[in-house]
Amino acid sequence: MPNRRTQSPPAGPVGTAAAGLLLCLMLAGCSFGWPFVRRDAGQQFEPLPPAVDKAQLVERLNLNASRIIAWRCNDATITAKGVPARLTATIAVESPQRFRLVASSITGNEADFGSNDDRFWFWMRRGEPRQVFTVSHEDFRRLGPRLQIPFQPDWLMEVLGVSPIDANEYQLAHDDPQRRFARLTAERLMPDGRAVRRSIVVDTQRGGVIVEHSLYDDGGRLLAKASLLEHRMEPAGVTMPHQVRLEWPPAGLELTLSLGPIEINPLHLHERMWEVPAIPDSPTVDLGAMYDRRHAVQPAGFGR
């Protein structure tokens, strides 16, 4: 497989888009970026040296991203805070920005989230209105702050594990006297100019697996957090988390994604998997075009 490398929240379908995209991106994003490749799958985790420096740590993390082009899990479950039902799901991810998540209940498909080279989409069977909402990557970057999405796409790509970490951006610190956990932090600017702090926590005693991604605003308020648990060695010799706990404090959203067997670099991910789905009785709506129509500048004297 080739390596592809201050405004009030909007109302109506555009506001729904913000919540849907938030769910869509995080479900996909927080399950791809934390594998650790060992030299021998039969060995235990090889600890990093206590005095590991920033360059060595970032090199180890970037090695992870270079080893996985795609993965697929056909046996996943999703639970959400305050929602008693548990959904089953199938998930596929391919770098740099392709993913597909289809969630189902005993009555059929409940949600379809995805991204291809050009755009994101999401559909919810119980959504009102029932439509397939899409937004191009270009419009997402342009309109993200207006849709109240509390992170930037570049950050998401790092969480997905498909973008290398630039050691020059980050500072290294150790969070405990035993120096087990190392924290990489970087200051970033959101598209609307707001300052944010990006944080990555690494367990050095388990060979450099990432156990947390988080994002804070300039006042120290937590915007988003992914806790990565139950790392296991896959047959391909890659370690991945099999439970991901996601928190969005500003949105009051908490999700847990549990993964069964994971196929690393599958050979048969058909191109149709990355197409915006055509779902009966659910027309497709381009949110970028809708936003532009609603906020178009009217000519002088319009409406007189």
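Reader: Where is Asp203 found?

Author: Asp203 is in strand E10. Keep in mind that this is a predicted model.

Reader: Is Asp203 buried or exposed?

Author: Buried. Its relative accessibility is 1%. The cut-off for buried is under 20%, so Asp203 counts as buried.

Reader: Which side chain does Asp203 join in a polar contact?

Author: The side chain of Arg206. That polar contact is 2.9 Å.

Reader: And what is Asp203 in contact with, leaving aside neighbours within four places in sequence?

Author: Arg180, Phe181, Gly208, Val209 and Val211.

Reader: Next one along. Where is Thr204?

Author: Thr204 is in the loop between strand E10 (195-203) and strand E11 (209-217).

Reader: Is Thr204 buried or exposed?

Author: Thr204 is buried, with a relative accessible area of 1%.

Reader: Which backbone oxygen lies 2.6 Å from a polar atom of the Thr204 side chain?

Author: The one of Arg180. Arg180 is also on the contact list of Thr204, once neighbours within four places in sequence are left aside. That list also includes Pro47, Leu48 and Val52.

Reader: New topic: rings. How many aromatic pairs does the structure hold?

Author: It holds 4 aromatic pairs. One of them is formed by Phe99 and Phe120.

Reader: What kind of pair do Phe99 and Phe120 form?

Author: A tilted one. The distance is 6.4 Å centre to centre, with 40° between the planes.

Reader: Where do Phe99 and Phe120 sit in the chain?

Author: Phe99 is in strand E4 (residues 98-105) and Phe120 is in strand E6 (residues 119-124). They are 21 residues apart, and the pair links distant parts of the chain.

Reader: Is Phe99 buried or exposed?

Author: Phe99 counts as buried, at 3% relative accessibility. Phe120 counts as buried too, at 3%.

Reader: Which residues form one aromatic cluster?

Author: Phe99, Phe120 and Phe140.

Reader: What lies over the face of Tyr216?

Author: Arg197 does, at 4.4 Å from the ring centre.

Reader: Now the core. Which residues touch the most other members of the largest nonpolar core?

Author: Trp71, Ile91 and Leu259. That core has 45 residues. In soluble globular proteins, nonpolar side chains tend to be buried together.

Reader: What is Ile91 in contact with, leaving aside neighbours within four places in sequence?

Author: Its contacts include Trp71 and Leu259. Arg72, Cys73 and Ala76 are also among them.

Reader: What happens at the start of H5?

Author: A side-chain oxygen of Asp286 reaches to within 3.0 Å of the backbone nitrogen of Gly288.

Reader: Last one. Where does Val285 lie?

Author: In strand E16 (residues 284-286). Val285 counts as buried, at 11% relative accessibility.

Reader: What does Val285 touch, not counting residues up to four places away in sequence?

Author: Gln131, Val132, Phe133, Thr134 and Met290. Met290 is also one of the buried residues in helix H5.

Reader: And how are Val285 and Val135 placed along the chain?

Author: They are 150 residues apart along the chain, yet their C-alpha atoms are separated by 8.5 Å.

Notes:
Residues are numbered from 1 along each chain as its sequence is written. This is a predicted model: local features need pLDDT of at least 70, side-chain atom pairs count only at pLDDT 80 or more; totals for chains, interfaces and linings use all residues. Side-chain values use heavy atoms; hydrogens and water are left out. Helices (H or I, at least four residues) and strands (E, at least two) are DSSP runs, numbered from the N terminus. Buried means under 20% relative accessible area, exposed over 50%, partly exposed in between (1.4 Å probe, protein chains only). A polar contact is a pair of N or O atoms within 3.5 Å; within protein, one must be able to donate a hydrogen and the other to accept it, and residues adjacent in sequence count only if both atoms are side-chain atoms. Contact means heavy atoms within 4.5 Å. A nonpolar core is a set of buried Ala, Val, Leu, Ile, Met, Phe, Trp, Tyr and Cys residues joined through side-chain atoms within 4.5 Å. Rings of Phe, Tyr and Trp (its six-membered ring) pair if their centres lie within 6.5 Å; planes under 30 degrees apart count as stacked, over 60 as edge-to-face and the rest as tilted. A charge sits over a ring if NZ of Lys or CZ of Arg is within 6 Å of the ring centre and within 35 degrees of the ring normal.
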